[in-house]
Amino acid sequence: SYSDFLIPLPPSLFQKSTSIGCSAVGDEVIINPQFEDGLSNWSGRGCQVVLHDSMADGKIVPETGKVFASASERTQNWNGIQQEITGRVQRKLAYNVTAVVRIFGNNVTTATVQATLWVHTPDRGEQYIGIGKVQATDKDWVQLQGKFLLNGSPSRVIIYLEGPPPGTDILVNALSVKHAEKIPPLPPPIIENPDYGVNIITNSQLSDGTNGWFPLGNCNLNAASGSPKILPPMARDSLGVHEPLSGRYILVKNRTQTWMGPAQMITDKLKLFLTYQVSAWVRIGSGASGPQNVNVALGVDNQWVNGGQAEIKDGRWHEIGGSFRIEKQPSKVMVYVQGPAAGVDLMVAGLQIFPVDRVARFKHLARQTDKTRKRDVILQFSGSESSSLFGTSVTVMQTQNSFPIGSCINRTNIENEDFVDFFVKNFNWAVFENELKWYWTEPQRGNFNYKDADDMLALCQNNKIETRGHCIFWEVQSTVQQWIQALNKIDLMKAVQNRLTGLLTRYKGKFRHYDVNNEMLHGSFYKDRLGKDIRTYMFKTANQLDPSATLFVNDYHVEDGRDTRSYPEKYIEQIIDLQLQGAPVGGIGIQGHIDNPVGPIVCSALDKLGVLGLPIWFTELDVSSLNEHIRGEDLEVMIREAFAHPAVEGVIMWGFWELFMSRDNAHLVDAEGEINEAGKRFLALKHEWLSHAHGRIDIQGQFEFRGFHGTYVVEVETELNKVSRTFVVDKGDSPLVVSIDL
């Protein structure tokens with residue numbers, strides 16, 4: 001997934017606490033930021049700090065000013081130069097950090113330099129906040145940039161630079177911390193003549209041989225006949241009624257590298273900020289040993305962009321569906337089809353790249369949503385004045401839609417009352433970003449930390465917010481703490497048993513869902529060490545310990561056509577395999593870390609997975625774009641697709657507040673609490689999905705309307721008084737009759 005990890009804790013190096021004060025906004029927080037006053041206010045963090053006017057026989061001189069500092073004699077990665085800034089930063093304000101850095105010595109030519117904040121809070125001890133990082137070199141000065149915000153009220157704050165391997169000096173020419181100025185958002189992009197649905201590929205149908213195409217590498221291209229004439233299903237869902245394909249395809253022979261295949265330059269045909277759908281039929285020749293990946297790729301100024309992938313193990317034609325968007329003007333863009341092993345022939349038919357009309361799709365989804373998320377309601381009024389109720393004014397207002405829309409939160413967020421206010425107003429479910437993961441609850445063997453999760457659970461319970469348990473285990477080895485990786489098979493099995501018993505006994509009945517073993521399509525740590533049956537054991541044991549919780553599989557890139565490890569068919573195969581072994585899989589988690597989503601591609605994955613009859617949840621949804629309007633549109637695509645689909649039973653977003661999300665340019669609310677364009681789009685959707693009705697009671701003493709599932713208030717204004725009642729509309733096929741006694 002995309003979760004951030006704690007920076008390893010170095011020994012505490014500090015004296016007694018002092019209380020925090022405040023500073024004027026816009027002031028420089030750092031004292032002596034460019035070392036004009038020597039090393040005053042600076043110190044070494046576990047190392048020496050030295051002032052220089054030059055180094056390396058005059059080859060290294062300051063970029064600005066007359067001097068620079070070095071952190072030398074470093075024996076740990078976390079050693080570096082530091083300054084205490086207690087009392088000079090305020091909580092709930094965002095600060096920009098810039099530093100001019102380079103590295104020197106120990107034959108290291110490039111290394112990551114990171115700015116980190118050490119924060120001490122009386123009730124929570126010490127925390128480490130990563131601010132920003134840069135790849136530094138021994139050749140030039142580079143600028144490190146970052147941003148931070150303190151949610152709570154720390155007793156001490158220290159900023160420091162760290163990162164390169166021991167023995168390598170960190171050189172610093174300047175380090176500045178200032179209150180972040182608000183940057184006005186980018187305007188909505190104006191796209192003239194978007195030509196929705198129009199293919200930008202030349203000679204896609206090969207009516208003119210292979211003109212317009214060229215071989216990438218020294219392979220051979222020929223036109224041949226016998227490919228499908230029907231449009232691939234995902235393209236058909238986007239394009240609607242469309243002329244059939246020609247039945248001709250490009251046959252690629254003499255491929256001596258995996259990247260060789262047919263290509264076209266499309267630089268002049270692309271428009272910035274449009275979302276393009278990619279569609280093709282692909283097939284491979286005989287002679288392949290094992291499954292082969294086929295990828296429609298774009299070279300955007302020589303950067304690889306994934307336009308969709310398929311895994312092929314047979315001689316059939318396979319659909320590739322993907323998407324991309326370009327937000328900065330490129331100098332050249334090439335599309336090419338690649339992937340199979342050298343010596344394997346490749347066949348490509350009907351390649352289409354076309355901009356998608358999202359608004360047209362939204363209209364279709366609105367009709368589907370009406371069928372999926374609404375119900376006819378008959379309010380039947382009675383009471384002492386029932387005979388005279390005919391014609392009485394009725395107002396129905398929905399106060400809450402019951403569809404679960406939640407967010408991920410972390411422990412520091414709940415110290416910020418502005419964050420909590422937005423969270424409890426706009427979400428009815430929650431998941432903890434890291435605080436329930438094993439590496440957090442037992443970072444060292446036998447050293448448990450459940451306090452963070454307890455605090456977060458209490459906040460959710462107090463606000464009637466349901467919670468998902470994420471996650472009991474995580475199958476990707478890089479996420480498994482070192483002490484677990486070091487265990488032998490017998491001790492690892494004991495540790496797994498203890499984890500299950502400890503967690504599920506402590507929180508029995510508290511979490512409605514659990515992600516049992518996260519990302520089993522992308523990792524195999526436990527399976528490799530304990531055998532295939534361990535996965536079933538985890539599900540069965542979790543179910544025995546807490547039968548009330550629904551147990552989920554959870555994985556990423558299931559819904560976007562980008563990853564052959566986790567496309568829907570593979571997920572289905574894994575789920576059925578678990579079920580056949582007796583694992584009580586109760587739900588399907590699609591994380592939803594997605595870029596430039598296309599509705600029919602997402603919907604296709606949901607349709608395939610929906611055949612299993614299990615509830616589907618988007619469990620970690622986030623989208624990313626520098627332009628807030630486009631980001632809002634991406635989010636709208638995902639939430640509308642989920643809300644319209646009958647198999648989807650909830651959506652959890654992977655955060656919403658700037659600086660507290662795993663991805664850049666994904667937030668809905670800026671660091672200091674201002675709702676951005678993407679956030680406004682999200683709130684507008686929530687408002688759209690509240691039903692209201694107004695009218696008069698009919699001759700039968702009834703009032704009828706159609707509304708979304710959820711909680712309502714009805715107000716009836718009689719001659720004598722105004723009466724209000726609350727009622728709930730549950731899911732159901734037949735009209736709901738609600739008796740209201742006045």
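Asp-301 sits in a loop, with strand 16 (292–300) on one side and strand 17 (303–312) on the other. In this predicted model, Asp-301 has a relative accessibility of 32%. Buried would require under 20% and exposed over 50%, so Asp-301 counts as partly exposed. Lys-139 is 162 residues from Asp-301 in sequence. In space, the two C-alpha atoms are 25 Å apart.

Leu-272 also has a loop position, between strand 14 (261–265) and strand 15 (276–284). Its relative accessible area is 28%. That value falls between the 20% and 50% limits, so Leu-272 is partly exposed. Leu-239 lies 33 residues away from Leu-272 in sequence. The C-alpha to C-alpha distance for Leu-272 and Leu-239 is 21 Å.

**Domains and the nonpolar core**

The domain assignment gives domain 1 (43–179), domain 2 (214–356), domain 3 (374–400 + 690–741) and domain 4 (404–681). Domain 3 is listed in two segments, 374–400 and 690–741. Taken over C-alpha atoms, the centres of domain 3 and domain 4 are 38 Å apart.

The largest nonpolar core has 107 residues. Which of them touch the most other members? They are Leu-379, Phe-381, Val-396, Phe-423, Tyr-514, Tyr-526 and Phe-727. Helix 7 (residues 489–506) gives the most to this core, contributing six residues. Where does the core lie relative to domain 3 and domain 4? Both domains give residues to it, so the core lies between them. In soluble globular proteins, nonpolar side chains tend to be buried together.

**Aromatic contacts**

The structure holds 32 aromatic pairs.

| Stacked pair | Centre to centre | Angle between planes |
|---|---|---|
| Tyr-95 and Phe-148 | 5.4 Å | 20° |
| Tyr-712 and Phe-727 | 5.2 Å | 5° |

Tyr-95 belongs to strand 5 (residues 94–104) and Phe-148 to strand 8 (residues 142–149). Tyr-95 and Phe-148 are both buried.

The pair of Tyr-712 and Phe-727 also links distant parts of the chain. Tyr-712 is in strand 33 (residues 710–717), and Phe-727 is in strand 34 (residues 722–729). The two are 15 residues apart. Tyr-712 is buried, as is Phe-727. Phe-727 is also one of the core residues that touch the most other members.

Ring pairs also build a cluster. Its members are Phe-419, Phe-422, Phe-423, Phe-427, Phe-656, Trp-657 and Phe-682.

Arginines meet rings at two sites. The charged end of Arg-45 sits over the ring of Tyr-160, 3.9 Å from the ring centre. Arg-640 lies over the face of Phe-362, at 5.2 Å from the ring centre.

**Helix 12**

Helix 12 covers residues 628–644. Its 17 residues reach 24 Å from the first C-alpha to the last. That is close to the 24 Å expected at 1.5 Å a residue. Is helix 12 mostly covered or mostly uncovered? It is mostly covered, with 16 of its 17 residues buried.

What caps the N-terminal end of helix 12? Asn-627 does. A side-chain oxygen of Asn-627 lies 2.9 Å from the backbone nitrogen of His-629.

Conventions: Residues are numbered from 1 along each chain as its sequence is written. This is a predicted model: local features need pLDDT of at least 70, side-chain atom pairs count only at pLDDT 80 or more; totals for chains, interfaces and linings use all residues. Side-chain values use heavy atoms; hydrogens and water are left out. Helices (H or I, at least four residues) and strands (E, at least two) are DSSP runs, numbered from the N terminus. The expected span of a helix is 1.5 Å times one less than its number of residues. Buried means under 20% relative accessible area, exposed over 50%, partly exposed in between (1.4 Å probe, protein chains only). A polar contact is a pair of N or O atoms within 3.5 Å; within protein, one must be able to donate a hydrogen and the other to accept it, and residues adjacent in sequence count only if both atoms are side-chain atoms. Rings of Phe, Tyr and Trp (its six-membered ring) pair if their centres lie within 6.5 Å; planes under 30 degrees apart count as stacked, over 60 as edge-to-face and the rest as tilted. A charge sits over a ring if NZ of Lys or CZ of Arg is within 6 Å of the ring centre and within 35 degrees of the ring normal. A nonpolar core is a set of buried Ala, Val, Leu, Ile, Met, Phe, Trp, Tyr and Cys residues joined through side-chain atoms within 4.5 Å. Domain bounds come from an automatic or database domain assignment.
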